[in-house]
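Student: I would like a close look at one part of this structure, taken step by step. Please keep the account plain and connected.

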Amino acid sequence: MARAALLHLLRHRSVATATAPLSAYKCLSSNSKTPSGIRWTSICRAFSSKAAVNDLIGIDMANTDSGVAVMEEKERLDPFSLVADELSLIANRLRSMVVTEVPNLASAAEYFFKIGAEGKRFRPTVLLLMATALSVRIPELPPAGVGDTLPTDLRTSQQRIAEITEMIHVASLLHDDVLDDADKRRGICSLNAVMGNKLAVLAGDFLLSRACVSLASLKNTEVVTLIATVVENLVTGETMQLTTASKQRFSMDYYMQKTYNKTASLISNSCKSIAILAGHTAEVAMLAFEYGKNLGLAFQLIDDVLDFTGTSASLGKGSLSDIRHGIITAPILFAMEEFPELHAVVDQGFKNPANVDIALGFLGKSSGIQRTKELAMKHANLAAQVIESLPESDDANVIRSRQALIDLTQRVLTRNK
Ligand code: GRG
């Protein structure tokens, strides 16, 4: 079968994904749950009136008298627009943080912070929303004393975490593109394609060093340890991916561990840092970590699906990149369970493009894509459930940010870029 036909099959086979759209929620009883397993009552409880619900999340409550509440989403709350002002503040800060007197290094370092090349800004959005979602009074804390962090200082230091996270993310993209010899990223030429591998690696190192300086300025050793661990995890994850040992390449446990290291560690440890800076208990910090971990895992699982089903235009980079590099991800791992004969093909490697087509053929016949989406949904739902376990709050901003964090767990599943 021609590759175009195979790709068409993969893209359209499981259109009815496992993802439950947020377009219409039917609350059949007060105990009914959202697709994320969250009780509607606990979302609604937080709102003082029907109007407040309508205003804040654009959901219309009806038929409550009969005990059957039909909540229709009128307009979706956009998590990104909730923090739009701070995102542009952070974008400007990032540009100023990478200024250097060496012209080549300056243009390499600012490459992905220029307007139009900034990517989805998914991580800073999550972190700013998490900062507000955790903005509750902490009973254990004594009244503020001299030298204590003021609320505005706290918000600024949480913004620093969002900047540091984005810098580390971009540094890892630069290094990743060198390792993969990628020619496109974020819809433009990759930095290695424009300036060569050496400058791309050095620019990544430079971003890491500027992130370290910013991290040190926060003067919080626990947060420094968390973020340093992220860098270790990124390098470990990337190295795990390079492995050639067949037993590990075929193991779902190994793949999930690699996925945590490569993608979920950054967002989970950064979410935890947001909680620690705010002085939260270890329990709340762990909830923030769990949200980030499960969201990150769901994000990468969908990334691995999109590598097969997305188009280069929507992804802003080449599709089928993983398999062409011999990287075995969840869709192929699931397909191998259904078609053990795929093992031999994977073992031969994908230097021969015919093997890519054979693997795509098996994948198209299998439920590999669907099962990967289901696994992503499981983690997205776990992330959403974490938000419900956070300490209660009546504050409208806190509630709105929590709802946006829940919304993001669904957007991660339905994204196409
Ligand atoms: C330099 C810290 C450092 C690490 C070196 C190369 C490497 C070790 C790690 C690679 C980590 C990596 C690139 C993981 C992939 C994570 C991922 C899904 C990236 C895409 O994220 P998006 O879609 O990108 O959020 P945008 O462009 O929107 O920001």
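In which sense, left-handed or right-handed, does helix 14 pass helix 21? Please start from there and go on to the ligand and its surroundings.

Tutor: The model is a predicted one. Helix 14 passes helix 21 in a crossing that is left-handed. Helix 21 covers residues 396-414, and the axes of the two helices come within 8 Å, crossing at roughly 20°. Angles under 35 degrees count as roughly parallel, so helix 14 is roughly parallel to helix 21.

Helix 14 spans residues 282-309 and also takes part in the shell around the ligand, to which it supplies at least two residues. Helix 8 (151-180), helix 11 (221-241) and helix 13 (252-277) likewise each supply at least two. The largest share comes from helix 8, with 7 residues of the shell.

There are 19 residues around the ligand, and those that come nearest are Lys120, Arg123, His169, Arg186 and Gln300. By type, the shell consists of 7 charged, 6 polar and 6 nonpolar residues.

In lysine 120, a side-chain N or O atom is 2.5 Å from an oxygen atom of the ligand. For arginine 123, the distance between a side-chain N or O atom and a ligand oxygen is 2.7 Å. Arginine 186 also places a side-chain N or O atom 2.7 Å from an oxygen atom of the ligand. As for cover, the ligand on its own has 750 Å² of accessible area, and the protein covers 93% of this.

Two further helix pairs can be set beside the pair from the opening question. Packed helices are described by the angle between their axes and by the distance between those axes. Helix 5 (residues 84-97) packs against helix 7 (residues 122-133) with the axes 10 Å apart and an angle of about 125°. The two are therefore oblique to each other, and their crossing is right-handed. Helix 17 (residues 330-338) and helix 20 (residues 368-388) have axes that come within 8 Å and cross at roughly 125°. Helix 17 and helix 20 are therefore oblique to each other as well, and helix 17 passes helix 20 in a right-handed crossing.

Key
Residues are numbered from 1 along each chain as its sequence is written. This is a predicted model: local features need pLDDT of at least 70, side-chain atom pairs count only at pLDDT 80 or more; totals for chains, interfaces and linings use all residues. Side-chain values use heavy atoms; hydrogens and water are left out. A residue is near a molecule or strand if one of its heavy atoms lies within 4 Å of it. A polar contact is a pair of N or O atoms within 3.5 Å; within protein, one must be able to donate a hydrogen and the other to accept it, and residues adjacent in sequence count only if both atoms are side-chain atoms. Accessible areas come from the Shrake-Rupley method with a 1.4 Å probe; for residues, only the protein chains shown count as cover. Helices (H or I, at least four residues) and strands (E, at least two) are DSSP runs, numbered from the N terminus. Ala, Val, Leu, Ile, Met, Phe, Trp, Tyr, Cys and Pro count as nonpolar, Asp, Glu, Lys and Arg as charged, and the others, Gly among them, as polar. Axes are lines fitted to C-alpha atoms, for helices over the stretch in contact, and angles run from 0 to 180 degrees between N-to-C directions. Angles under 35 degrees count as roughly parallel, over 145 as roughly antiparallel, 65 to 115 as roughly perpendicular and the rest as oblique. A crossing is left-handed if the near helix is turned anticlockwise from the far one by less than a right angle, and right-handed if clockwise.
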